[in-house]
Amino acid sequence: MLSNLHKIRKMCEVNVSLKELSSLKVGGICDVLFCPEDEESLIYFLKNRPNDMKVTILGNMSNVIISDEGVQGCVIRLGKMRNDIEFHDDYIKVNAGFQLSTLIGQCVRRGISCCEKLSCIPGTIGGAVFMNAGTSEFEIKDVLISVDVVDFEGNKWTISNKKLKMSYRNGNIPKDVIIISVNLKISHKDAEKIISSIREIRKRRLNSQPIGGATCGSTFKNPDKMKAWQLIKEAGCAQFSVGDAVISDLHCNFLINSGKAKASDFIELITLIRIKVFERTGIMLEEEIIKIGRWL
Ligand SMILES: Cc1cc2nc3c(=O)[nH]c(=O)nc-3n(C[C@H](O)[C@H](O)[C@H](O)COP(=O)(O)OP(=O)(O)OC[C@H]3O[C@@H](n4cnc5c(N)ncnc54)[C@H](O)[C@@H]3O)c2cc1C
């Protein structure tokens, strides 16, 4: 018991600023940041935490706006978990904290096709499944077999892809569970062919998106048969900004922190865009990015 506590304590930090860890470079402090090194520590922590300690699970923070007021309770991130990836004949099992880009790299090296169509999408495998990350051609649900999850009380179980009923940018993961590992279908393919398709995707993205900027990618979901960027442009919002929160010149649906923007600036800009688009088209854009933390 004492040795477990000692081990867990080394994986926790208190009063951690999330701003620099997040893609958008905004946000306040979380009370506790817990980065378990193995599943046993995660489950021990969940079973023994104070009952009133709120839990928030985060991946790479590529799709979240963290509140300026910070996050109450404990933020859990799985990036330091061991036993990252298991290769089997027709599937792989991968830790949810694993970076999508690293997974794609490891697969390519072995001539394995899995989720290379998600190249250039930042984030962890857990985040990708939660969001059902994808493009117009491919979503992670296309290769997902099942997810292993643990609830906030430390109970573990597996959910099949079929049960999840994932949809556009929605993994439909039950509330208050943490995805700990993911089973994905694979096939064997010529590595050179996979590499050349990745190069093509990268070229397309570099020309059309502000890759490398302080952004969360698409801010709004595309309404049925429409493009959010087009609606934003046609509503005359392309030059809108609030403080240092600006709209990308390359892609109207990408917001960028061009300096010292706060989360509140992004919220104001998002509200402004939604109102303008609604006034022009009658469509209320739905946010793809997720708000995390204490909101006033
Ligand atoms: C430049 C850029 C381009 C992008 N392009 C695309 C794109 O083309 N397509 C696309 O779909 N997305 C895109 N995104 C958005 C983002 O990369 C994806 O949504 C990504 O899957 C988020 O993963 P993450 O680990 O960063 O999750 P986070 O942003 O940390 O979290 C997102 C959500 O997932 C939940 N979550 C994270 N990990 C877990 C877990 N282990 N268990 C349970 N819940 C969890 C969090 O609670 C949160 O609600 C882009 C982002 C950027 C910055």
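A residue counts as buried if 20 or more other C-beta atoms lie within 10 Å of its own, as exposed if 12 or fewer do, and as partly exposed in between, with C-beta atoms placed from the backbone. The model is predicted; local features need pLDDT of at least 70, side-chain atom pairs count only at pLDDT 80 or more, and totals for chains, interfaces and linings use all residues. Residues are numbered from 1 along each chain as its sequence is written. Helices (H or I, at least four residues) and strands (E, at least two) are DSSP runs, numbered from the N terminus. S1 runs antiparallel to strand S2 (residues 29-34), and five bridges join S1 to S2. Val14 has Val32 in S2 as its bridge partner. Two strands are taken to pair if DSSP finds at least two bridges between them.

The chain is assigned domain 1 (2-76), domain 2 (85-193) and domain 3 (211-292), with bounds that come from an automatic or database domain assignment. The centres of domain 1 and domain 3, taken over C-alpha atoms, are separated by 28 Å. Between domain 1 and domain 3, 14 residues of the former are in contact with 14 residues of the latter, contact being defined as C-beta atoms, placed from the backbone, within 7 Å. Strand S4 (residues 64-66) supplies three residues, the largest share of the side of domain 1 that touches domain 3. That side of domain 1 has six nonpolar, six polar and two charged residues. In this classification Ala, Val, Leu, Ile, Met, Phe, Trp, Tyr, Cys and Pro are nonpolar, Asp, Glu, Lys and Arg are charged, and the others, Gly among them, are polar.

An open sheet of five strands has the order S6-S7-S11-S9-S10, with antiparallel pairing. Strand S6 (85-87) and strand S10 (156-160) are at its edges and have a single partner strand each, so one side of each is left without a neighbour in the sheet. On average, neighbouring strands of this sheet are turned by 20 degrees against each other, direction ignored; axes are lines fitted to C-alpha atoms, for helices over the stretch in contact, and angles run from 0 to 180 degrees between N-to-C directions. Three bridges pair S6 with strand S7 (residues 91-95) in the antiparallel sense, and Ile85 has Val94 in S7 as its bridge partner.

The loop between helix H5 (161-164) and S11 contains Arg169, a residue other than glycine whose phi is positive, near 50 degrees. Arg169 is partly exposed, with 17 other C-beta atoms within 10 Å. Asp176 also lies in the loop between H5 and S11 and has a positive phi of about 60 degrees, although it is not a glycine. Asp176 counts as exposed, with 11 C-beta neighbours inside 10 Å.

A second open sheet consists of four strands in the order S13-S16-S15-S14, again with antiparallel pairing. Its edge strands, S13 and strand S14 (241-242), each pair on one side only. S13 pairs with strand S16 (residues 254-257) over two bridges in the antiparallel sense, and Ser218 stands opposite Phe254 in S16.

The ligand is surrounded by 33 residues, the closest being Gly59, Gly123, Gly126, Gly127 and Gly217; a residue is near a molecule or strand if its C-beta atom, placed from the backbone, lies within 6 Å of it. Helix H4 (125-131), strand S11 (177-185) and strand S13 (215-218) each supply at least two residues of this shell. H4 gives the largest share, five residues. By class, the shell has 18 nonpolar, 14 polar and one charged residue.

Notes. Two residues are in contact if their C-beta atoms, placed from the backbone, lie within 7 Å.
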